[in-house]
Amino acid sequence: MVTVKDRVAMAAVVQAVLDTIRQSGPNGAPSGVMYAALSAHGMTLQNYQAMMGALVRVGKVTLEHDCYFIKEA
């Protein structure tokens with residue numbers, strides 16, 4: 001069961017990922033580097049891929065050549 005504390009933590013991770021991508025500039029944020037940083041804090045590859053896939057599906061980011069970019073509205 002996902003608790004309120006879990007949801008707050010997940011939202012903070014998603015916000016940090018979006019901030020990282022936004023700050024990465026025109027070359028984008030390398031997926032491997034972001035995963036390495038998150039895995040050092042316990043994120044599994046499956047969870048990383050699910051999170052990033054969701055961000056792509058809802059239109060927050062795009063993936064090009066293994067780098068993520070903020071999708072401009």
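Colleague: Which helix does Ser31 lie in?

Modeller: Ser31 lies in helix 2. Helices (H or I, at least four residues) and strands (E, at least two) are DSSP runs, numbered from the N terminus. This is a predicted model, in which local features need pLDDT of at least 70 and side-chain atom pairs count only at pLDDT 80 or more, while totals for chains, interfaces and linings use all residues. Residues are numbered from 1 along each chain as its sequence is written, and side-chain values use heavy atoms, with hydrogens and water left out.

Colleague: Why is Ser31 called buried?

Modeller: Buried means under 20% relative accessible area, exposed over 50%, and partly exposed in between (1.4 Å probe, protein chains only). Ser31 has 15% relative accessibility, so it counts as buried.

Colleague: What is Ser31 in contact with, leaving aside its neighbours within four places in sequence?

Modeller: Contact means heavy atoms within 4.5 Å. On that basis Ser31 is in contact with Tyr48, Asp66, Cys67 and Tyr68.

Colleague: Which residues of helix 2 are buried, and what makes them line one face of the helix?

Modeller: They are Ser31, Met34 and Leu38. Seen down the axis of helix 2, these buried residues fall within an arc of 70 degrees, so they line one face. The arc is that of the directions from the helix axis to the C-beta atoms. As background, an α-helix has 3.6 residues a turn, so residues three or four places apart point the same way. The cover over the buried residues of helix 2 includes helix 1 (4-23), strand 1, helix 3 and strand 3.

Colleague: What makes Tyr35 and Tyr48 an aromatic pair, and why is the pair called tilted?

Modeller: The structure holds one aromatic pair. Its rings, those of Tyr35 and Tyr48, are 5.4 Å apart centre to centre, with 50 degrees between the planes. Rings of Phe, Tyr and Trp (its six-membered ring) pair if their centres lie within 6.5 Å; planes under 30 degrees apart count as stacked, over 60 as edge-to-face and the rest as tilted, so this pair is tilted. Tyr35 is in helix 2 (residues 31-39) and Tyr48 in helix 3 (residues 45-57), 13 residues apart.

Colleague: Are Tyr35 and Tyr48 buried or partly exposed?

Modeller: Tyr35, at 24% relative accessibility, counts as partly exposed, whereas Tyr48, at 3%, counts as buried.
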